[in-house]
Amino acid sequence: MSTRVASATVARYPLGKELSWFPRNPTLEDVKNQADLVKGRPVSLLYRVLTMIELSDVDGAVELARLSVLKDVRRRHDTILICNAVIGAMCQGKRYEEGIALFHYFFNENNIVPNIASFNHVIKAFCELGRVDDALQLYRHAARFGADKETFSLLTQALVHAYGDREAGFFVGLSRSLIKTDDWTPMLIEIRGRLDQMNAEDADDYFHKYRLQYDDLVDSAGVFKSIATIFVEYWFKHGNEEKAMECYSSIRPWESLPATTGNTLLRILLAHGKGVEAGALFEVKAKDLFHTMLAKHKRFDSETINIMVDHWFEIGEFNKAMETFNESQQGRKKMVRCYSNMIARLCERGMMSEAEGLFEDMCSDKDLSPPPDVSIFRSMVNGYVRAGRVNDAIKTSNKLAVLKLRKVSIYED
């Protein structure tokens, strides 16, 4: 890696200021040493990069990803996936400056063509760093690549925090005109931002305004339900349980509640139930909501189940956690994220026999998609180590190594 300063201010896609970290281009020696990654194995570079990221070796992934700028590789359709993978991994690890530098390296210095996902990674990085003006400047270049709902959501959220809801309103209107699908996220972010600046009387009027505007419509997108959920959280935060439950009761019918909105409501009810006199009541409401969601196809997802399982573990009700998990899997295709979460929670608490049963269940299922990932193996290894079962930890680690070697050795037919 190089630490030379790179000019990001006069680049094709300006990035706001000079970069103090910058990856070097591959040398002839690099190409020679890594020739087996490229020649005759055209899918192997992407798989190897993704596997290095899975194994938490992001720097190693970046070293490999640099080869994507080579002439024979850059024309491949998956080159952009390699670039986005390492930029995204850097940003996910909060190494924002390095993620921005990689964007500059791939798309400014080496002229690889980005896509909107590339821009979204860096726009998010700028927003997290509080560099909203740089995010807006980059957006002007991203727009022609098809700014999507994530682009507008990121910018709306950043503008609300930096300048208030008035500035954010511009992006709400723009997103509604440019995005063909019904995505209301920017508008919901704006509503949340306005609420934070209102007193109780104005907030109540604000709620009834939206109730009149959306509640009488055919609410297939669940717009009013999402709006009402924001007000439920607002009133709980301000200590007004009566108003919160009034907004909660306005959400009808429950059978058409989108999973994302239902998950938010579950979290709100369970969080507010802690440490308040009426906590048991809110827990009952959360359980009722959970079972209502579970009874309808496509009205719940793995996150729904994980929220309830995590709640039971958090308050020490391990049997209820197991009951919730088992109930959610009956008569349904295995949900990998539910298994992964359940195994992690069991391992954290030293319940290795229960974790082993679920782990073996996953590994023996040939039709499971996706198969057990690195995080599941890591949970088992850590659990074994904490329990003093070093040999079992080594065996599990070796099993993971075999799976990963198989993955990175794939050739394209």
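Visitor: What counts as a helix here, and which helix holds asparagine 84?
Guide: A helix is a DSSP run of H or I with at least four residues, numbered from the N terminus. The model is predicted. By that numbering, the run at residues 79–92 contains asparagine 84, and this run is helix H6.

Visitor: Is asparagine 84 buried or exposed?
Guide: The cut-off for buried is under 20% relative accessible area. Asparagine 84 touches Phe107, Asn115, Ala117, Ser118 and His121, leaving aside residues up to four places away in sequence. Its relative accessibility is 10%, so asparagine 84 counts as buried.

Visitor: How many of the 14 residues of H6 are buried?
Guide: The buried residues of H6 include Thr79, Ile82, Ala85 and Met90. Asn84 is also one of them. H6 is mostly covered, and the count of buried residues is 12 of 14.

Visitor: What span should H6 have, and how far apart are its end C-alpha atoms?
Guide: The expected span is 1.5 Å times one less than the number of residues. For the 14 residues of H6 this gives 20 Å. The distance between the end C-alpha atoms agrees, because it is 20 Å.

Visitor: Are H17 and H18 roughly parallel or roughly antiparallel?
Guide: The axes of H17 (residues 279–294) and H18 (residues 302–314) come within 10 Å and cross at roughly 150°. Angles over 145 degrees fall in one class. H17 is therefore, relative to H18, roughly antiparallel.

Visitor: Which residues of H18 does H17 meet?
Guide: The crossing of the two helices is left-handed. On the H17 side, the contact uses Glu283, Lys287, Phe290, Met293 and Leu294. Their partners in H18 are Thr304, Ile305, Met308, His311 and Trp312.

Notes
Residues are numbered from 1 along each chain as its sequence is written. This is a predicted model: local features need pLDDT of at least 70, side-chain atom pairs count only at pLDDT 80 or more; totals for chains, interfaces and linings use all residues. Side-chain values use heavy atoms; hydrogens and water are left out. Axes are lines fitted to C-alpha atoms, for helices over the stretch in contact, and angles run from 0 to 180 degrees between N-to-C directions. Angles under 35 degrees count as roughly parallel, over 145 as roughly antiparallel, 65 to 115 as roughly perpendicular and the rest as oblique. A crossing is left-handed if the near helix is turned anticlockwise from the far one by less than a right angle, and right-handed if clockwise. Contact means heavy atoms within 4.5 Å. Buried means under 20% relative accessible area, exposed over 50%, partly exposed in between (1.4 Å probe, protein chains only).
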